Amino acid sequence: MTETAVSARTLTVRTLTDKLVAAREASITLATATADLKNAALLAIAAAVATGAERIIPANERDLENGRSNGLSVALQDRLRLDEGRLAALAAAVGEIAAIADPVGELVRGRTLPNGLRISEVRVPFGVVGAIYEARPNVTVDIASLALKSGNAAVLRGGSAAENTNRVLVELIQEAIASVGLPADSVQTIDEFGREGARELMQARGLVDVLIPRGSASLISTVVLESKVPVIETGAGVVHVFLDESADEEWAVAITHNAKVQRPSVCNALETILVHRASAARLLPPVLGRLRASGVTVHGDAATLDLFADATPATEEDWSTEYMSLDVSVRIVDDLDAAIEHIRRYSTHHTESIVTNDVGSAERFLAEVDSAVVMVNASTRFTDGGEFGFGAEVGISTQKLHARGPMGLSELTSTKWIVRGSGHVRG
C-alpha cells in the first residue's frame, strides 16, 4: 500500500469496531509473516522515527502546551516530552528489536512418545494486543514495534494528553509498515474515541486477545477491574533500596542517587530507602547529603530526622507513595527481617534492591522478597526492557500469571501444541 493509499484510508470514517475487525484481519497476515518481512517493517519504522522530527516535535509541543494549560504534573510532562535525542533513542530501540531473534515458531519443548507420536510446544502470537496508557508517546513506538515483531496487531489508546503526538507517530508507523507490503492496520490508534473508546476496548473480548495497561495506579486498577479482555497487569513502582549493615558507603551513595535522580518520573525510580540501624549513622549523612545536593526532598522517620536535620517528617502515606518526583522516603529499621517486612507491607512488587557485602543477607533478600525484579548492589533503574536486552518493553508486569518483570517479545506470545503422527489412534 502506498503512502497516498494510507492517507486515503485514514480519511475514511471508521467506527471503533471497524478498526478492531481490521486489526483482527491484519493479525492473520502477521501471524505467518516471515522474520525478514517483519524486520524490514521495523527498519522502516526506525527510519521514519529518526527522520520524522519535523512532523513529530510540533505535534508534541502542542500536547505539552495543552498539558501545561491543563495542570499536567511535571512528572507526566517529562514522560510526554519528545526531542531529537529521545527520537534517536526510540529509533535505535526499534533497530535493536529488529536484530533480536523472532520468537514466533520457537520450540519451547517437545518429545517423541513411545508410540512414535511427535509432540512439540511452539510460540505463537496472541493475535491482537490492546494497550491503554497515558502521556507516554514512546510507548506507542515500543509496543507497536514489539507487537509487530512478535506477529501481533496492536490497537493503542494513548490518552488525550499525547493525542497529537500519537496520531503523528501512528501515521508514520502505518506508512512504514505499508511500504514493505504488510497491512497498515497492523498498528492503529483509537484515541479519537476518547474514554468511551477505552471502555469499548476493555469490552472487546473476541476481537482483542490481551490488554496491557500502563500508567497510574488508578488507570491500571480501572482496566483490571472493568476489562472483559484478559489483562496483563503492569504496576506502579513503590521501589525500595535497603542499605544493609555491611553496605559499602560509596556503593550506597552511588546506587541511591542513580536510582532516585537519574530519571525520577519513571516506575523503576527509587521511592523508599530502608537503612539498617547499625549502619544508619555511617551511611545516612553521605547518602542523604548527596540526594539533597541534587534537589531531593527527604521524608524521614523520627530516627532519620535525628541523624539528618535537613528532612521533613514522613507520614504513613509516604511509605506507599510513588512520588515520580525528586522526593524520597527514608526509614531506619532494626535488621534485614524488618526491612523485608516493610517491603512486604508497602511494596507494589515492582523492583527492590539491597546494598550489602554479606552474602547471606544478599541471598536471603533475593529469596524472600516477592517482587518482579530483586537486585543486589545495583540501581533499580536497570529494571528496563532495553537494559535487559529486549530492545524495548511493553511494560513491567507485577503480576504472576503469564509474564512477570520487563515484557519483551517472548512475553507477547502464547504457545500451541503441534502433534505429528502417522495414522496413530488411541487404544
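Predicted model: local features only at pLDDT ≥ 70, side-chain atom pairs only at ≥ 80, totals over all residues.
1. The strands under discussion belong to an open sheet of seven, ordered β10-β9-β11-β8-β7-β12-β13, with parallel pairing. Its edges are β10 (312–313) and β13 (373–376), each of which pairs on one side only.

2. Within that sheet, β8 (residues 270–276) and β11 (residues 327–333) pair in the parallel sense, and five bridges join them. His-276 stands opposite Val-333 of β11.

3. The largest nonpolar core contains 68 residues. Ile-45, Leu-87, Ile-132, Leu-148 and Leu-201 have the most contacts inside this core.

4. Leu-87 deserves a look of its own. Leaving aside residues up to four places away in sequence, Leu-87 touches Val-49, Ala-53, Ile-56, Ile-57 and Leu-82.

5. The largest pocket has a volume of about 840 Å³. Its lining comprises 31 residues, and those nearest the pocket centre are Asn-138, Asp-142, Arg-263, Arg-381 and Asp-384. Two elements, α6 (84–99) and α7 (137–149), each give two or more residues to this lining. Helix α6 supplies the largest share, seven residues.

Notes: Residues numbered from 1 in each chain as written. Heavy atoms only, no water. Core = buried A, V, L, I, M, F, W, Y, C linked by side-chain atoms within 4.5 Å. Buried < 20%, exposed > 50% of the residue type's maximum accessible area, 1.4 Å probe, protein only. Contact = heavy atoms within 4.5 Å. Pairing = 2+ DSSP bridges. Helix = DSSP H or I, 4+ residues; strand = E, 2+ residues; numbered from the N terminus. 1 Å grid on protein atoms, 1.4 Å probe; cavity = no way out; pocket = protein on both sides within 12 Å on 5 of 7 lines; lining within 4 Å. Points joined across faces, edges and corners; volume = space filled by probe spheres on them.
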